[in-house]
Amino acid sequence: MLGRRGKGGRVLAVIVLDLHMVGLLFSANGAATAVGVLGQYGNSHVEWKKVCNVFDSFCHHLVASLALSFLGSLSFLGLVLLAILNLHKKSSTK
């Protein structure tokens, strides 16, 4: 169904693994964002202090790296979706 000459199983496995990787990328972005929020605002319940008012460059670097990471994750998601669309077109023209 997907791919040609009986390669459908392998192609489907690669697509599933790519989608898992997209999920891991966005999970890592969420975790890094949570660390950035802790750095910005602290946590009064466990008495963690803010660090952005002390280490200003830390927060600037963190925001830049998060923006680039989200951009890269969205790009990878777009590439995976294009690959799926391309495989769907190839399988439906048979």
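**Exercise 1.** Determine whether C52 is buried or exposed, and then describe the disulfide to which C52 belongs.

*Solution.* C52 has a relative accessible area of 8%, and because buried means under 20% relative accessible area, with exposed meaning over 50% and partly exposed lying in between (1.4 Å probe, protein chains only), C52 is buried. The structure is a predicted model, in which local features need pLDDT of at least 70 and side-chain atom pairs count only at pLDDT 80 or more, while totals for chains, interfaces and linings use all residues. Residues are numbered from 1 along each chain as its sequence is written, and side-chain values use heavy atoms, with hydrogens and water left out.

Next, C52 forms a disulfide (a pair of cysteine sulfur atoms within 2.5 Å) with C59, the two sulfur atoms being 1.4 Å apart. C59 is also buried, at 10% relative accessibility. The torsion about the S-S bond of C52 and C59 is about -75 degrees, so the disulfide is left-handed. By the distance rule, the count comes to 1 disulfide.

**Exercise 2.** Work out where N29 is found and which residues N29 touches.

*Solution.* N29 is found in helix 1, residues 8–41, where helices are DSSP runs (H or I, at least four residues) numbered from the N terminus. With a relative accessibility of 3%, N29 counts as buried. Leaving aside residues up to four places away in sequence, N29 touches L66, S69, F70 and S73, contact meaning heavy atoms within 4.5 Å.

How values were computed:
Helix = DSSP H or I, 4+ residues; strand = E, 2+ residues; numbered from the N terminus.
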